[in-house]
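Reader: I have a two-part question about a fold and an interface. Please show me the model, and keep it brisk.

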Amino acid sequence: MTAISNRYEFVYLFDVTNGNPNGDPDAGNLPRLDPETNQGLVTDVCLKRKIRNFVQLAKEDSAGYAIYMQEKAVLNNQNLEAYKALGLKHESKKLPKDQDKAKAITEWMCQHFFDVRTFGAVMTTDVNSGQVRGPIQISFAKSIEPVLPLEISITRMAVTTEREAEAQGGDNRTMGRKHIIPYGLYRAHGFISAKLAERSGFSDEDLQVVWQALQMMFEHDHSAARGEMSARKLIVFKHQDALGNAPSHKLFEAVTVERVTDASSPARAFSDYQVTIDREAIPASVEVLELL
Amino acid sequence: MSYGVRLRIWGDYACFTRPEMKVERVSYDVITPSAARGILEAIHWKPAIRWVIDRIYVLKPVRFESIRRNEVGGKLSASNVKSAMKSGQLADLVTHVDEDRQQRAATVLRHVDYVIEAHFEMTDKAGPQDNEAKHAEMFKRRAEKGQCFHQPCLGNREFPASFELLIGDELPNPDASLLGTKDLGWMLGDIDFANGMTPMFFKAEMVDGVIEVPDYSEMKS
């Protein structure tokens with residue numbers, strides 16, 4: 001597979017209705033907030049997790065699309081078994097001194113694992129060559145306007161233990177809490193370096209998988225906590241040149257998201273916003289693709 | 001002849017992690033020379049040249065914010081990959097994030113804006129076809145057009161840096177709160193990759209928003 005030969009940037013808009021897009025472990029799983037502006041945040045790693053999960057679903061175990069960072073609650077001690085089977089020593093944690101061997105290892109990882117090829121991975125200690133820097137870089141997603149997290153108390157008509165049941169005299173009820181955002185439209189920026197893609201072997205086919213993932217990943221990530229989340233817009237800037245033809249911030253500035261309904265009342269739907277692309281501001285050498 | 005460049009870089013977030021506080025990352029107050037070098041290298045670099053940071057201009061007040069995220073604790077070991085290469089079994093070679101979860105807070109900078117003043121030196125890897133003017137022009141051409149090898153970042157890759165080449169002698173004014181002298185303490189200057197990756201430190205002092213970066217040789221390891 002040949003690596004992509006164009007630099008890309010993308011603006012990704014997604015929204016949440018009555019859900020928690022990304023909980024903050026520092027704040028008891030409340031939706032993440034920028035404390036200065038009260039805008040909602042979704043971390044880069046949260047979005048990457050969803051891309052990985054989607055690729056795992058869509059590609060199952062097809063060759064070259066394995067996922068290295070898996071989300072799975074099964075204890076897997078097969079690593080050690082493999083060692084024993086191959087008679088390898090467990091201590092040898094460093095990359096081989098031999099540059100060619102080190103390269104072969106990194107290349108093999110890139111070939112087999114989609115997420116290593118796309119986002120990179122840190123391999124081993126000490127030796128620098130054991131790192132893959134993937135071509136895709138994603139920033140924190142931020143809501144267009146401040147969001148207001150709500151705490152919703154819920155009840156459960158059962159208890160976990162006998163003791164609790166006795167204490168309640170057979171009432172058997174527990175209270176819980178959910179944190180939701182009534183509505184929030186989030187905007188994330190992404191960068192794809194053709195030069196780093198060359199090194200990890202990130203191909204055009206992989207790129208299509210990423211676009212597909214961004215468009216569909218929320219459809220396969222429904223849960224009680226998330227509410228309704230959906231991808232709304234994916235605007236891609238394709239540079240003619242591998243190094244790029246325009247500064248990324250200029251391209252991002254060409255995409256504006258504005259309120260079209262009365263801004264004094266809170267937004268509750270995507271139709272409260274309008275997305276405009278100022279095509280005049282984008283040089284001819286950069287192609288704008290509206291994938292969604 | 002000097003081929004100095006001035007590059008303005010800015011962004012919403014930044015984390016220039018202090019080496020002594022890496023588990024729960026705490027950023028330095030300002031960008032380190034090594035991070036600044038990395039930004040220049042993201043735009044243009046060849047083994048023939050070495051970027052040297054001369055001065056850092058801080059334009060916005062230093063403000064922090066905390067972010068806690070779920071992270072993965074372990075790193076992939078090469079021997080695991082080797083055994084998987086031999087056996088062809090990918091199933092043994094995955095990291096289950098649920099089992100290796102660490103929640104880590106990061107104290108990061110908000111709304112940063114700097115000007116990096118730097119020049120480069122030729123290294124002994126420079127061939128006959130390399131000359132200073134060529135590399136200086138390449139850098140300028142790329143920076144002016146917004147071209148880069150990969151998008152530079154402010155310490156971590158999730159915090160992308162916007163950049164703009166400054167032409168001429170005029171510098172943007174720093175925020176009024178930065179006027180006066182502020183001791184930033186010992187700060188990482190760079191890592192000496194030639195000598196077993198020894199970190200090199202210098203005593204940073206910010207005078208009216210400007211930090212003079214000493215020569216490499218004057219830093220302490």
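Reader: Where in chain B is Gly11(B) placed?
Author: This is a predicted model, where local features need pLDDT of at least 70, side-chain atom pairs count only at pLDDT 80 or more, and totals for chains, interfaces and linings use all residues. Residues are numbered from 1 along each chain as its sequence is written, chains are lettered from A and ligands numbered from 1 in the order written, and side-chain values use heavy atoms, without hydrogens and water. Strands are DSSP runs of E, at least two residues, and helices are runs of H or I, at least four, numbered from the N terminus. Gly11(B) lies in strand 1 (residues 5-14).

Reader: Is Gly11(B) buried or exposed?
Author: Buried means under 20% relative accessible area, exposed over 50%, and partly exposed in between (1.4 Å probe, protein chains only). Gly11(B) has 12%, so this residue is buried.

Reader: How many residues of helix 1 of chain B are buried?
Author: Helix 1 spans residues 33-43. Among its buried residues are Pro33(B), Arg37(B) and Ile43(B). The helix is largely enclosed by the rest of the structure, because the buried count is 9 of the 11.

Reader: What area is buried between chain B and chain A?
Author: Buried area is the accessible area (1.4 Å probe) that two parts lose on being put together, summed over both. Carbon and sulfur atoms give 56% of it. The total is about 5,400 Å².
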